[in-house]
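Let's walk through a protein together, one step at a time. Please have a look at the sequence and the model, and then read on.

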Amino acid sequence: MFEGHDPYLVALSVAVASLGGYTGFALAARIRNTPGVSNRLLLAGAAAFLAVGIWTMHFVGMLAAPLPSDTVYLVLPTIISFLICALVVGISLFFVSIGEPSLKRVASSAVLLGVGIASMHYVGIHGLAGSFAITHVKTMVLLSVLVAIVTAYGGLRAFLAQQEGVRLIVSSIVFGMAVSGMHYTAMLGMHFEPLTGEAHHHAGGGLAASQQILSIVVAVLCFVIAAGFLLSLVPDQRRQAPASVAANPVAPSVAPAEPIAAPAISPRPVAPLGGLGQPPRAPVPRLPVESADGTHFIDTANVRSVRADAHYTRVHDGTRERMCPWSISEAEAQLDPSLFLRVHRSHIVAIPHVALVRKEGDGAVLELDGPSPHRVPVSRAKIAEVKARLGLASRRQA
């Protein structure tokens, strides 16, 4: 498979794919934990790094291959190959990052990602031009697509199992193997056949780039991937903040200038007319959440936040979000009002799990503790009540 290839460039191609996978997956892992429009930016950034990693690996592998000396790269197919890659990667990440990652959803994403990687490869191969024709062994084409799909599924599964730490590293390595394995399997089934003199007019019909120009482009993209990888390793101070309050998770990290208030005020009743004429409703001990194999139940003590999602909600247990069949209003009515507070029209938080509160614009932001801390917005009208529930007083009350 690697006969005639430069071993150093082969190793570099696998490393580039793995680094691009790590950076892209690290960005995608934050989609579930960052509320608001920034999810779109994170998804776009993750797709971009993964696509650049795949595309750069492909052309590093081409530079490592023993190609004919007069080989050039047609610009249009080369650009199209990158656009295909970016599109399928973005769709695959969207499917596995938004909503419950069921078996059907992950398998469909893996098939799409594997077929997309293979399409990018063969479109890029179509961009090779020179005094030769390229033929492919059909069985090797099918095998390369199968390798891409199977290893892409393994990478997505490892990524979804735990979106940080060792599992994230494993998923990025598997991703690098998926891309590289597909590429070199396809190269094993590719053959060059010399053309006659009159057929040698490949480059006249379009803009072409030499291998030297491609080397410069690939070197720049390798630098971009390496820079993104190093930036992803920089600690996020906001994610580290809960560690400083682990001994007392109820006490938020706020500026010391804020004086301590009197005991927390009683929460407002959520029943119609304040519950007048109705027996008191006992709070539920567990919340239902949906998954591919049925309905599960999680203890309310493990719930960090509840987020509205159309007619349903998504419950965050400190690790990830899962769909709940209740509406946000029903969840507010069912949960214990002494522990949970609706801080925004679309968000309910568990007060004992608040680890950080800070002002942001006209409102505020709360950070909830857990293996994967996440942030929840607070509307301006709810800031005073939140501070009171957390044992803080505003300066106007002091």
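How many aromatic pairs does a search of the whole structure find? The search finds 3 of them. Keep in mind as you read that this is a predicted model.

Take Trp55 and Phe59. Their ring centres are 4.5 Å apart and their planes meet at 50 degrees, so this pair is called tilted. You can find both residues in helix H2, where they sit 4 residues apart, or about one turn of the helix. Trp55 and Phe59 are both buried. For Trp55 the relative accessibility is 7%, and because buried means under 20%, Trp55 falls in that class.

Trp55 has another ring partner, Phe82. Here the centres are 6.0 Å apart and the planes are at 85 degrees, which makes the pair edge-to-face. Trp55 belongs to helix H2 and Phe82 to helix H3, so this pair ties together parts that are 27 residues apart in sequence. What class of accessibility does Phe82 fall in? With a relative accessibility of 26%, Phe82 counts as partly exposed. Putting the rings together, Trp55, Phe59, Tyr73 and Phe82 are linked by ring pairs into a cluster.

Let's step back and take in the whole chain. The protein chain has 398 residues, and 44% of them count as buried. Its secondary structure comes to 10 helices and 15 strands. If you take the contacts between residues at least 6 apart in sequence, 72% of these join residues at least 24 apart.

Now for the inside. The largest nonpolar core has 53 residues, and Ile54, Met62, Val89 and Leu93 are those with the most contacts inside it. Which helices each supply at least two residues of this core? They are H1 (7-29), H2 (38-64), H3, H4 (103-126), H5 (138-161), H6 (166-188) and H7 (211-232). Helix H2 gives the largest share, with 13 residues.

Is Ser144 buried or exposed? Ser144 is buried, with a relative accessible area of 0%. Not counting residues up to four places away in sequence, Ser144 touches Tyr122, Met182, Thr185 and Ala186. Look for His183 too: Ser144 and His183 are 39 residues apart in sequence, and their C-alpha atoms are 7.2 Å apart in space.

From the inside, let's move to the outside. The protein chain exposes about 19500 Å², and carbon and sulfur atoms supply 65% of that area. One nonpolar patch on the surface is formed by Leu87, Ile91, Phe94 and Phe95, which together have about 350 Å² of accessible area. Phe94 lies in helix H3, which covers residues 75-97. At 40% relative accessibility, Phe94 counts as partly exposed.

Last on the tour come the charged side chains. Side chains of opposite charge can pair when their charged atoms come close. The structure holds 7 salt bridges. In one of them, Arg307 pairs with Glu321, and the closest N and O atoms are 2.8 Å apart. Arg307 lies in strand E8 (residues 305-309) and Glu321 in strand E10 (residues 321-324), so the bridge ties together parts that are 14 residues apart in sequence. Arg307 counts as partly exposed at 26% relative accessibility, whereas Glu321 is buried at 9%.

Glu360 and Arg358 meet through their side chains at 3.1 Å, N to O. Glu360 is partly exposed, with 40% relative accessibility, and Arg358 is partly exposed, with 26%. Lys382 pairs with Glu385, with the closest N and O atoms 3.3 Å apart. Here Lys382 is buried, with a relative accessible area of 15%, and Glu385 is buried too, with 13%.

Conventions. Residues numbered from 1 in each chain as written. Predicted model: local features only at pLDDT ≥ 70, side-chain atom pairs only at ≥ 80, totals over all residues. Heavy atoms only, no water. Patch = residues over 30% accessible without salt bridge, like charges linked within 9 Å, V, L, I, M, F, W, Y side chains within 5 Å. Areas by Shrake-Rupley, 256 points an atom, 1.4 Å probe, with all protein chains shown as cover. Salt bridge = Lys/Arg side-chain N within 4 Å of Asp/Glu carboxyl O. Buried < 20%, exposed > 50% of the residue type's maximum accessible area, 1.4 Å probe, protein only. Core = buried A, V, L, I, M, F, W, Y, C linked by side-chain atoms within 4.5 Å. Phe/Tyr/Trp six-rings, centres within 6.5 Å; stacked < 30°, edge-to-face > 60°. Contact = heavy atoms within 4.5 Å.
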